[in-house]
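Dear colleague,

I am handing over the structure below, and I would be grateful if you could look through it alongside the notes that follow.

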Amino acid sequence: MVKVLITGANGFVGKNLVEFYQQKQYQIISINRQDNIEDGLLQNPEFIINCAASIYDYQSMFNTNVLLVNHIIEHMKYNKCKFLQIGSSAEYGKKSHPTSESDVLEPVSFYAGTKAAATMMCVSAAREFGLPIVVARPYSLYGIYEKEYRLFTRLYQALKNNTPMVLCEGYHDFIYIKDFIRGLDNLLFSNYDMHGDVVNFGSGVQTSNYEVLELFLRIMNIKEHQIQIENRMAKSFESKTWVCNTDYAKSRYDFITQYTLYDGITDLITIYQDRNII
């Protein structure tokens with residue numbers, strides 16, 4: 001039986017991975033914030049997927065985003081397994097073009113900086129020590145189990161309950177979580193030599209927050225709402241260009257998204273309603 005260790009198993013990506021591999025009847029070792037990573041590593045997993053990340057807590061960012069990765073790399077020097085690190089498109093910083101894997105990393109937040117540092121550690125360790133490590137950089141993920149403060153969840157709740165909400169300007173390359181999980185699985189079982197490979201995962205299409213709202217209104221068949229639109233960016237480090245160059249994922253790993261944004265939102269709303277989650 002395939003044995004997979006998933007860190008951050010209670011998080012957005014982690015929960016989706018656990019469900020995905022449970023359906024495949026894999027043996028899953030779940031590691032969460034309160035757990036000791038060593039307890040999971042001692043079970044000698046064949047694959048390690050690091051979904052753990054600290055995004056807003058500056059006190060824990062370095063330990064979670066950098067030191068944990070270093071601990072896993074040290075384990076791999078003496079144990080045979082494949083390591084899949086979940087990076088972030090935020091590592092690129094502000095660019096005026098679709099970002100590709102060869103672009104220089106110019107992070108503009110401490111979170112992005114720690115994620116970029118982790119990527120560099122993974123890439124350099126893979127090359128120096130010949131370790132099977134690959135980094136997957138998702139763009140703007142959405143889907144079931146995302147945090148309540150994220151855009152899609154907030155929009156759905158506000159429209160469903162007809163409650164007020166402020167919607168700021170924003171531009172993203174949205175990728176549905178089901179597409180991303182499928183992409184991660186492709187990486188894990190790829191026959192390519194992936195010692196230090198970095199792969200972007202996005203749709204290749206940039207969409208504004210306002211366009212997302214219009215899709216929700218159309219799919220939910222809502223005519224009146226209390227969404228207040230403000231023509232400003234919510235955060236200073238956000239960019240008006242945030243889109244993935246998908247060429248490498250497509251040419252090397254034959255990966256393209258199966259869900260359009262319309263299809264993904266429709267599927268997500270169906271899941272919300274079927275599970276009565278929010």
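**Backbone and exposure**

Y145 counts as partly exposed because its relative accessibility is 26%, where partly exposed is the range between buried (under 20% relative accessible area) and exposed (over 50%), computed with a 1.4 Å probe and protein chains only. This is a predicted model, in which local features need pLDDT of at least 70 and side-chain atom pairs count only at pLDDT 80 or more, whereas totals for chains, interfaces and linings use all residues. Residues are numbered from 1 along each chain as its sequence is written, and side-chain values use heavy atoms, with hydrogens and water left out.

Y145 sits in the loop between β6 (140-142) and α5 (151-161), and its phi is near 80°, a positive value in a residue other than glycine. N162, in the loop between α5 and β7 (165-169), likewise is not a glycine and has a positive phi of about 55°; with 42% relative accessibility, N162 counts as partly exposed. N276 lies in the segment after α9 (261-275) and is exposed, at a relative accessible area of 62%. The C-alpha atoms of N276 and E46, which are 230 residues apart along the chain, are separated by 36 Å.

**Overall fold**

The protein chain has nine helices and twelve strands, these being DSSP runs numbered from the N terminus (helices H or I, at least four residues; strands E, at least two). Its radius of gyration, taken over C-alpha atoms, is 19 Å, which agrees with the value near 19 Å for a compact globule of 278 residues, the globule rule being 2.2 Å times the number of residues to the power 0.38. Along the principal axes, the C-alpha atoms fill a box of roughly 60 × 40 × 40 Å. Of the 278 residues, 53% count as buried. Among contacts (heavy atoms within 4.5 Å) with a separation of 6 or more, 79% are between residues 24 or more positions apart.

**Nonpolar cores**

A nonpolar core is taken here as a set of buried Ala, Val, Leu, Ile, Met, Phe, Trp, Tyr and Cys residues joined through side-chain atoms within 4.5 Å. The largest has 57 residues, of which F152, F180 and F216 touch the most other members. Leaving aside residues up to four places away in sequence, F180 touches V13, I86, A136, P138, L141, I175 and F201. Apart from this core lies another, of 25 residues, among them L68, A118, M121 and C122.

With kind regards
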